[in-house]
Amino acid sequence: MPAPIAKRPLLPTGLRLLNWSLGAWTALVFLFLYLPIAVLVFYSFNTSKLNVVWEGFTFKWYAALVENTPLLSALKNSLIIAAVATVLSVLIGTVGAWLLHRYRYRFARSIQTLVCIPMIMPEIVMGISLLILFTVSQLELGFTTVILSHVTFCFPFVLVAVQARLHGLDPALEEAALDLGATPLKAFLLVIMPCLLPAVISGGLMAFTLSLDEYIITVFTNGLESRTLPQEVFGLARKGLNPMLNAMSAVFIVTTIAFVLFSEYLRRLAAR
Amino acid sequence: MPDTEPMIDLRNVTKRFGAFTAVDDITLQIQAGEFLTLLGPSGCGKTTLLRMLSGFETPDVGSIHIAGEEVTHLAPYRRNVNQVFQSYALFPHLSVRENIGFGLRMQKVSDVESRRRVAEVIDLVALGGFEDRMPHQLSGGQRQRVALARAIVPRPAVLLLDEPLSALDAKLRHQMQIELKRLQKHLGMTFVFVTHDQEEALTMSDRIAVFNQGRLEQLGTATDIYHQPRTAFVADFIGEANLLEAELLSRDGATGLIRLDGGLEVRVPLSAWPLDEPRAILSVRPEKVCISSAPVEGAQNSFEATITEEIFQGAIDHLVVRTDAGTVFNAVVANESAMMQAFHEGDRVWCGLHYDDVVIVRASPKPAGVAKP
């Protein structure tokens, strides 16, 4: 990197060495994080069925992906589940955050803690307890039960994101709306909600991605006809790794990066 | 005072937060078209009182009437009052035009009329050309005007202003004080203005209500409050004052002989002396302490003194004088001419007090002056 300041004094040799090794260490960490992903994407264009030798460039695995009916139907199931779970999580999370922020309750702190526990609870515990609950209440396992269980761990993420935004919001905003004749509901919908929107969307995106790649809880609470993408992929991988899975991963990586960039853009919009 | 029904009628209003009494038994009438300032140090209850007028707080005791209607427990969105918030509280996602039109939208005023009224107010507060800006694209002064415009466009019976000028720099604040006063006269609207800045209060108000520790210390015009303070707190909070403990030695008709802190004995009119109290506080403004090289003519009290300190401040000279009896006064004299003989440290002078310039005030609950901004 060319130094922008011309008269930057030379560092003593010892410090220069330290500087250099810190830079090298950073590079190493990034290599460790992103090399596997780069290799994975690289081999998705490989003509060979094996992930170890490069034979030639091809798009055939991407074509195979589009023709794989069980995989596509699993993807469809996953998208439906993630979409419904996201909508429900956004509703519960946003309204919950507002109520906890705006009104005083006797057990507000306990409610807050209880709400956040599913975020850190081991998924295996969540899965088993939800399965027992659904069996006891005689709910047939399928879309409904998967969506319900996804909502339990997705909505706290929306709630926390919205709470952080509410924390920085001028309390006089709601008062100004009420003062100008808005009922509490109108004040929330016309003034508070637009201010929360960036947090609601980024919380919603988080919920969507969490639901989309959730595996353990899904295995416990899902029926047969609503297999999700992670379930299908896991099944395929057990039969042996296949460049088609590399292709699918590449598609997912690109989609995820797009999501991350979009939510970052919204965050900046909100910080204005 | 006009004998018409008051615009705002507060009766025995009390508000407590736990063990803390924020507003303590306030009874106050505000006339239509009046510019009334609630003045006091922070924590004196003025903002809580304002919030009870806007409806964000409900009194524990007492009643509030606005324009003849009881509003004690009425929700803020049902009251015919609007507020300018200290933080302005502009809606960040709405343009200047949409912010100002928000109240009319809530009242379901027709689009045509709304557009006309918003344009009118934008004109009034000189925001022409900024209609489509977003709040974050405006300067502090412009935001302040938007907040003001948004609050007056629904034509409330009363406009409440919660320290709206405190975030502006000194020069802009002076300019806005004059503009606000002009706007209030132009609209003929009742303004209730909250501030801790005594100068702001003196500049704009028809009447000032001085608060201390939740209680109304004094209500009156700016000149009343300045020249005839009734308590030591008021005398000290508004302007400068020499506050000296006084003991009544003897009465002689309308006047009495008192002994001040330090031992000086002076004769003062007794009209304001608290009944049956042997002790009170004498207040005299520094500019009312006459300093002269000869006995002060016309002053009922005149005594010899020594100047112990002299601070030149351009237009005025600030002096500290110690009378021979040992009582110390702060005095201010005008530097009328460079030729005139000035006073210097160590000079022997005469110090005079006129009857009309000394005020007897009651002691205040808290030692006065601690919370002065």
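I began with helices α3(A) and α6(A), whose orientation is oblique, therefore neither roughly parallel nor roughly antiparallel. Their axes come within 6 Å and cross at roughly 40°. I noted the crossing of α3(A) and α6(A) as right-handed. For the residues of this contact I wrote down 17 nonpolar, 8 polar and no charged. All of this is read from a predicted model.

**Confidence, overall**

I looked up the scores for the model and found ipTM 0.84 and pTM 0.80. For chain A the average pLDDT is 88, and 94% of the residues score at least 70. For chain B the average is 89, with 95% of the residues at 70 or above.

**Confidence, by element**

Which elements of chain A have the lowest and the highest mean pLDDT? I found the lowest, 81, in helix α11 of chain A, residues 243–271. The highest, 95, belongs to helix α7 of chain A, residues 172–179.

In chain B I marked residues 367–373, where pLDDT stays under 50. The model has 9 contacts beyond four places in sequence for this stretch. Where pLDDT is low, the predicted coordinates should not be read in detail. I left the stretch at that.

**Helix α3 against helix α8, chain A**

I returned to α3 of chain A, which spans residues 69–102, and looked at its packing with α8 of chain A, residues 184–212. The two axes come within 8 Å and cross at roughly 140°. Angles over 145 degrees would count as roughly antiparallel, so α3(A) and α8(A) are oblique to each other. I recorded a right-handed crossing for α3(A) and α8(A).

Next I listed residues of the contact. From α3(A) they include A:S78, A:I81, A:A85, A:S89, A:G93 and A:W98. From α8(A) they include A:F188, A:I192, A:L196, A:G203, A:G204 and A:F208.

**Helix α4 against helix α6, chain A**

I then took α4 of chain A, residues 108–120, and α6 of chain A, residues 143–167. They pack at an angle of about 120°, and their axes are 8 Å apart. How is the crossing of α4(A) and α6(A) handed, left or right? I have it down as left-handed.

On the α4(A) side, the contact is made by A:V115, A:C116, A:P118 and A:M119. On the α6(A) side I found A:T152, A:F153, A:P156, A:F157 and A:L159. The classes for α4(A) with α6(A) are 8 nonpolar, 1 polar and no charged.

**The two domains of chain B**

I moved to chain B, which is divided into domain 1, 8–227, and domain 2, 234–361. How far apart are the centres of domain 1 and domain 2 of chain B? Taken over C-alpha atoms, the centres are separated by 39 Å.

For the contact between them, I noted 6 residues of domain 1 of chain B and 4 residues of domain 2 of chain B. On the domain 1 side, the elements that give two or more residues are β10 (215–220) and α7 (222–227) of chain B. That side divides into 3 nonpolar, 2 polar and 1 charged.

**Where chain B meets chain A**

My last entry is on the two chains. I found 18 residues of chain B in contact with 15 residues of chain A. On the chain B side, β6 (81–84) and α2 (96–106) each supply at least two residues. Which element gives the most to the side of chain B that touches chain A? I have α2(B), with 3 residues. The chain B side is made up of 10 nonpolar and 8 polar residues, with no charged.

How values were computed: Residues numbered from 1 in each chain as written. Chains lettered and ligands numbered in written order. Predicted model: local features only at pLDDT ≥ 70, side-chain atom pairs only at ≥ 80, totals over all residues. Axes fitted to C-alpha atoms, helices over the stretch in contact; angles between N-to-C directions. Helix = DSSP H or I, 4+ residues; strand = E, 2+ residues; numbered from the N terminus. Parallel < 35°, antiparallel > 145°, perpendicular 65-115°, else oblique. Left-handed = near helix turned anticlockwise from the far one by under 90°. Contact = placed C-beta atoms within 7 Å. Domains from an automatic or database assignment. Nonpolar A, V, L, I, M, F, W, Y, C, P; charged D, E, K, R; others polar. pLDDT = per-residue confidence, 0-100.
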